[in-house]
Amino acid sequence: MQRTPPSRRLLWTVGGVVAAALLIGQSVKVIPAGHVGVVFSALSGVKPGVIQEGVHFVTPFVDRVNLYDARLQEITLAHTDEDGGESGAIRARSQEGLDITADVTVQFRIDRSKAAILHKELGRNYVQTVISPQIRSKVRDAIGQFSAADIISTKRQQVEASISGALRDVFTKNNLLLDAVLLRELRIPDSIAKAIELKQAAEQQVAVERNKLQQAEISAKREVVVAEGAAKSAIAKARGDAEALTLRGRALRENPQLIQLTVAEKLAPTIQTVMLPADGNFLLDMKSLQTAASTPKP
């Protein structure tokens, strides 16, 4: 049996369906979550602005959408192989010329609103063309401003701050946003590290002795203050006693009867006394008088 050739109308129908599918596929672009799209037109080049997440319609066969990840990204430069290749740790020199190896992680984002400019000026390989070389350069510059002892001990955060400030300027100029710079590890030769540790231990011991000396000086000064206070208190007491005696002497001079009263108070309670008028100016022993009165006369 001879096979009946398909009709021309059927061929046109199938061709139309295929063309429509291609046309729709080229017209509809879906931007995934966390991404932005930069449209490149074969007629006018890179279009200004970006298209955000969702479904978008573009000119088929003319516009091409380039996706850029707008989420937080990170790049780590660390020692992962023996030869320390381009992705390896950063080798730098300290202020005194000592070798220091740094493992660094940098977290960043693209500036969503300027993704079109980024695409036009740097392209999709901006990590290799800008970020990695600039990280290496700025880390070396920052480490060169500090001594090895400071870098591995007290000024690690200052090194991070110096690197962050320098990289932020570079990233901003290239339409990138710096999020954080993390110094994961700083390594120096073992011999240098040991020498630094011994030096720091000696400095700490000196600081301890200096603190003890200061405490001794403070204690001595405290004792001097206490002694001066006691002396001033004794002087004040003596002055008060002298003034009291002066006032008492003046009172006795002005009132002679107080002398007899004082004597009588000192004799009590064993001796009963009575003070006679000032004209007589004598004291009588009342107990003796009572004994004499009670004794019967012969």
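**Burial, pairs and patches: a conversation**

Tutor: Welcome! At 1% relative accessibility, Phe108 counts as buried. Keep in mind that this is a predicted model.

Student: Why is Phe108 called buried?

Tutor: Buried means under 20% relative accessible area. Phe108 has 1%, so it counts as buried.

Student: Which parts of the chain does the pair tie together?

Tutor: Phe108 lies in strand E8 (residues 99-110) and Phe171 in helix H5 (residues 156-173), so the pair links parts that are 63 residues apart in sequence. Phe171 is also buried, with 0% relative accessibility.

Student: How do you know whether Val30 is buried or exposed?

Tutor: Its relative accessible area is 55%. Exposed means over 50%, so Val30 is exposed. Val30 lies in strand E1 (residues 28-31).

Student: What makes Val30, Val55 and Phe57 a patch?

Tutor: They form a nonpolar patch on the surface, with about 350 Å² of accessible area together. Nonpolar side chains are joined within 5 Å, and the residues of a patch need over 30% relative accessible area.

Student: Why does Asn66 count as buried?

Tutor: Its relative accessibility is 11%, and the limit is under 20%, so Asn66 is buried. Asn66 is found in strand E5 (residues 63-69). Leaving aside neighbours within four places in sequence, Asn66 is in contact with several residues, including Val36, Phe40 and Arg124.

Student: How do you know that E2 and E5 pair?

Tutor: Two strands pair if there are at least two bridges between them. Strand E2 (residues 35-41) and E5 are joined by 7 bridges, so they pair, and they run antiparallel. One of the links is between Gly37 and its bridge partner in E5, Leu67.

Student: What makes E3 and E5 edge strands?

Tutor: The open sheet of 3 strands has the order E3-E2-E5. Strand E3 (45-46) and E5 each pair on one side only.

Student: How many helices and strands does the protein chain have?

Tutor: There are 8 helices and 11 strands. Of the 298 residues of the chain, 25% count as buried.

Note on methods
Residues numbered from 1 in each chain as written. Predicted model: local features only at pLDDT ≥ 70, side-chain atom pairs only at ≥ 80, totals over all residues. Heavy atoms only, no water. Patch = residues over 30% accessible without salt bridge, like charges linked within 9 Å, V, L, I, M, F, W, Y side chains within 5 Å. Areas by Shrake-Rupley, 256 points an atom, 1.4 Å probe, with all protein chains shown as cover. Salt bridge = Lys/Arg side-chain N within 4 Å of Asp/Glu carboxyl O. Helix = DSSP H or I, 4+ residues; strand = E, 2+ residues; numbered from the N terminus. Buried < 20%, exposed > 50% of the residue type's maximum accessible area, 1.4 Å probe, protein only. Contact = heavy atoms within 4.5 Å.
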